[in-house]
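User: I would like to go through the labels attached to this model and hear what each one rests on. Please set the values against the cut-offs.

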Amino acid sequence: MLSLLVFFFTCQFAGSTLPKGIVGDQYPSQQQLPVVVVHVPEPSSNAYDNQVVSDQLTQESESVAEVKAKTRGLANFLNESTQQFHAKIDVLLDFARKELQGQALFGHPGSSFLATKVLPVDAYKIRNSLYLSQVMRSPAQAAVNIVMKENVGLMKTRAKFAGMQAKARRLASKFAAERSE
C-alpha cells in the first residue's frame, strides 16, 4: 500500500514539471505564430499512367478495327451467297413458269401428270439397287453390344471409404487392447 502511495505522489510531481502542449511548440518568446496550410495538388496522372492509358486505347482501337474488318468480310460473304441463291431461285422459277405454261424445258410440249404411262416397277430391283437399302438384302447378323464403363470417381470414393473403415476398426481394436491392459 505504501509503495502505491509513493508511486502516486511521484507521478504528481513529475507531471507538474512536464511542458504543456506539443513538443516543438516551445519558442523562447512563447508567442504563437500563425499557421498557414498550403495544399499543392498533385497531377491525377503522371507520364507513365498516360503511356499505359495510351497503349490500352491503341490496343482497344486495333481490336475494334479487327472486329469491324471481320464483320465486313462476313457481310460481303453473306451478300455474295445471297445473290447466288437468288440467281438459282430465279432459274427454278423460270423453269416452273415454262412448265406451267405448257412449254417443256427442251422445247417439247409439256405433259400432263395423268397422261403419262406407268411402266411396271420391280420392288426388289429398287430395293437391291439403293445404297441405303443394302442392309435389307440379307438377314440380319447376330449383334452383340458390349458396354464397358468405369466410374473412376466412384471407385476412388469407395476405396477412400474402405480405407477409413479399416483405419477405424484398427484404432478401435487398439483402443480396446489398451483399455484391457
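Analyst: A salt bridge here is a side-chain nitrogen of Lys or Arg within 4 Å of a carboxyl oxygen of Asp or Glu. The model is predicted: local features need pLDDT of at least 70, side-chain atom pairs count only at pLDDT 80 or more, and totals for chains, interfaces and linings use all residues. Residues are numbered from 1 along each chain as its sequence is written, and side-chain values use heavy atoms, with hydrogens and water left out.

User: Why is the contact of Lys-70 with Glu-66 called a salt bridge?

Analyst: The closest N and O atoms of Lys-70 and Glu-66 are 3.6 Å apart, and the limit is 4 Å, so the pair qualifies. Side chains of opposite charge can pair when their charged atoms come close. Lys-70 and Glu-66 are four residues apart in helix H2, so about one helical turn separates them.

User: What makes Asp-94 and Arg-97 a salt bridge?

Analyst: Their N to O distance is 2.9 Å, which is within the 4 Å cut-off. Asp-94 and Arg-97 are three residues apart in helix H2, again about one helical turn. The structure holds two salt bridges.

User: Why does Lys-70 count as exposed?

Analyst: Buried means under 20% relative accessible area, exposed over 50%, and partly exposed in between (1.4 Å probe, protein chains only). Lys-70 has 53% relative accessibility, so it counts as exposed.

User: Which label do Glu-66, Asp-94 and Arg-97 get?

Analyst: Glu-66, at 47%, is partly exposed. Asp-94 is partly exposed at 39%, and Arg-97 is partly exposed at 45%.

User: What makes the nonpolar surface patch?

Analyst: Val-36, Val-38 and Val-40 make a patch of about 340 Å². Patches are made of residues with over 30% relative accessible area and no salt bridge; like charges are joined within 9 Å, nonpolar side chains (Val, Leu, Ile, Met, Phe, Trp, Tyr) within 5 Å. Val-38 lies in the loop between helix H1 (2-17) and helix H2 (47-100).

User: How many helices and strands does the protein have?

Analyst: There are four helices and zero strands. Helices (H or I, at least four residues) and strands (E, at least two) are DSSP runs, numbered from the N terminus.

User: How much of the protein is buried?

Analyst: Buried residues make up 1% of the 181 residues. The protein exposes about 18200 Å², of which carbon and sulfur atoms supply 64%; the areas come from the Shrake-Rupley method with a 1.4 Å probe, and for residues only the protein chains shown count as cover.
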